[in-house]
Amino acid sequence: LASASELGQALTLATTNPDTIRYVPVLPGRLGPSHPFPELKGDTGWRPLPFPAIAHVVHPVFAELGSDVELTREFPGATFALLDMSSQSRSNISQQRWYAIRWSGGGWIRRLRLETGRILILGQEDFRRTLGPAQIELGTSKLEEHVRALVVWIGNDPTHANPLKNSGYLVP
């Protein structure tokens, strides 16, 4: 999944500073309602992130965000998200956390509430009807088929943002 130079650079950095950097894969495409939900496959690229900041994340991935009015209202200026795709993190639903869900082929970042047989989508508090699901009926499907990741952080691309000026949002 990495070029020879990327792999060499990662190995050199890992052997000299094993406790400072963790390389996180980047999902191809964008995560947003008008984009197909990105899958982790092929040559996606990697982002070096500080290990102490993401040590608690079991299966981290980085995603570029597509346009989403609801998300922009909550996190203005955010263009990237760090996600935890582990089964454990996405199966323990908390109303205070944000999750990446797959619905109608697209990707949505929303707060959720799990009820018997369905997932309620929270936070769509506008008087106008917004795009996106109000609820997802589970039926015979599993929760993890719809809830694809837990959102850990949202902000600007950390490779181009000044961390002292625009550090993003720790979620929640």
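**Before you click.** This is a predicted model, so to speak of local features a pLDDT of at least 70 is needed, side-chain atom pairs count only at pLDDT 80 or more, and totals for chains, interfaces and linings use all residues. Residues are numbered from 1 along each chain as its sequence is written, and side-chain values use heavy atoms, with hydrogens and water left out.

**Whole chain.** Switch to cartoon: the protein has five helices and 10 strands (DSSP runs numbered from the N terminus; helices are H or I of at least four residues, strands E of at least two). Of its 172 residues, 40% are buried (under 20% relative accessible area; exposed is over 50%, partly exposed in between, with a 1.4 Å probe and protein chains only).

**The core.** Select Leu31, Leu65, Leu71, Leu83, Ala100, Ile109 and Ile154. In the largest nonpolar core, which has 18 residues, these touch the most other members. Such a core is a set of buried Ala, Val, Leu, Ile, Met, Phe, Trp, Tyr and Cys residues joined through side-chain atoms within 4.5 Å. Strands 1 (21–31), 3 (60–65), 4 (80–84), 5 (98–103) and 9 (147–155) each supply at least two of the core's residues. Apart from this core lies another, of 11 residues, including Trp108 and Ile121.

**The rings.** Now show the aromatics; there are four aromatic pairs in the whole structure. Rings of Phe, Tyr and Trp (its six-membered ring) pair if their centres lie within 6.5 Å; planes under 30 degrees apart are stacked, over 60 edge-to-face, the rest tilted. Phe62 and Phe80 are stacked, because their ring centres are 5.4 Å apart and their planes are at 20 degrees. Phe62 sits in strand 3 and Phe80 in strand 4, 18 residues apart. Both are buried, Phe62 at 1% relative accessible area and Phe80 at 9%.

Trp103 is partly exposed at 32%, whereas Trp108 is buried at 5%.

**Two last stops.** Which residue has a phi near 55 degrees? Ser104, where the positive value occurs in a residue other than glycine. Ser104 is in the loop between strand 5 and strand 6 (106–115) and is exposed at 68%. Finally, select Gly155, in strand 9, buried at 3%. Gly155 and Ala78 are 77 residues apart in sequence, yet 4.2 Å apart C-alpha to C-alpha.
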